[in-house]
Amino acid sequence: MSTRTDAAVSPTRAMLDLVLRAGRGIRWYVTTLMGDTAYATYVAHHRRVHPDEEPMTERQFWRQKMDDQDRNPGARCC
């Protein structure tokens with residue numbers, strides 16, 4: 001019967017930690033790139049800069065964002 005030593009577990013655990021950290025980084029990048037965090041970022045900014053004003057609702061935020069993109073498409077393809 002063989003027993004696992006800390007030396008055998010450590011490299012495996014280190015590799016697993018590296019893979020998990022990379023996965024979290026990729027998930028963060030994709031959700032940020034796709035705009036999934038845009039409203040939360042807006043609310044955090046609004047509360048920090050304008051603490052006495054109520055931020056837009058999420059529906060209002062996305063409507064304004066889409067309207068702004070329609071008025072000024074920039075580098076969008078469509």
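This is a predicted model: local features need pLDDT of at least 70, side-chain atom pairs count only at pLDDT 80 or more; totals for chains, interfaces and linings use all residues.

Tutor: Gladly! Let's begin with helix length.

Student: What pattern does the protein chain follow along the sequence?

Tutor: The pattern is α-α-α, with three helices and zero strands.

Student: What share of the 78 residues counts as buried?

Tutor: Here we compare each residue's relative accessible area with a cut-off, and buried means under 20%. In this protein chain, 12% of the 78 residues pass that test. The accessible surface comes to about 7,100 Å², and carbon and sulfur atoms account for 59% of that area.

Student: Which residues of H2 are buried?

Tutor: Ala38, Tyr39, Tyr42, Val43 and His46 are the buried ones. They sit on the same side of H2, because the arc they cover around the axis is only 130°. The face turned away from that buried side carries Ala40, Arg47 and Arg48, which are exposed.

Student: What do the buried residues of H2 pack against?

Tutor: Their partner is helix H3, residues 58–71. You can follow this from Tyr39: setting aside neighbours within four places in sequence, Tyr39 is in contact with Met56, Thr57, Glu58, Phe61 and Trp62.

Student: Which residues make up the largest nonpolar core?

Tutor: To find a core, we look for buried nonpolar residues joined through side-chain atoms within 4.5 Å. In this case the largest has five members: Ala38, Tyr39, Tyr42, Val43 and Phe61. Helix H2, spanning residues 38–49, is the main contributor to this core, with four residues.

Student: And the aromatic rings? How many aromatic pairs does the structure hold?

Tutor: There are four. For each pair, we look at the distance between ring centres and the angle between planes; under 30 degrees counts as stacked, over 60 as edge-to-face. Tyr42 and Phe61 are a stacked pair, with 5.1 Å from centre to centre and 25° between the planes. This pair links distant parts of the chain, since Tyr42 lies in helix H2 and Phe61 in helix H3, 19 residues apart.

Student: Is Phe61 buried or exposed?

Tutor: Buried, with a relative accessible area of 10%.

Student: How are the planes of Phe61 and Trp62 set relative to each other?

Tutor: They lie at 75° with ring centres 5.1 Å apart, so this pair is edge-to-face. Trp62 itself counts as partly exposed, because its relative accessibility is 27%. Putting the rings together, ring pairs link Tyr39, Tyr42, Phe61 and Trp62 into a cluster.

Student: Thank you! I'll trace the buried side of H2 against helix H3 on screen, then the ring cluster of Tyr39, Tyr42, Phe61 and Trp62.

Technical notes. Residues are numbered from 1 along each chain as its sequence is written. Side-chain values use heavy atoms; hydrogens and water are left out. Buried means under 20% relative accessible area, exposed over 50%, partly exposed in between (1.4 Å probe, protein chains only). Helices (H or I, at least four residues) and strands (E, at least two) are DSSP runs, numbered from the N terminus. Contact means heavy atoms within 4.5 Å. The arc is that of the directions from the helix axis to the C-beta atoms. Rings of Phe, Tyr and Trp (its six-membered ring) pair if their centres lie within 6.5 Å; planes under 30 degrees apart count as stacked, over 60 as edge-to-face and the rest as tilted. Accessible areas come from the Shrake-Rupley method with a 1.4 Å probe; for residues, only the protein chains shown count as cover.
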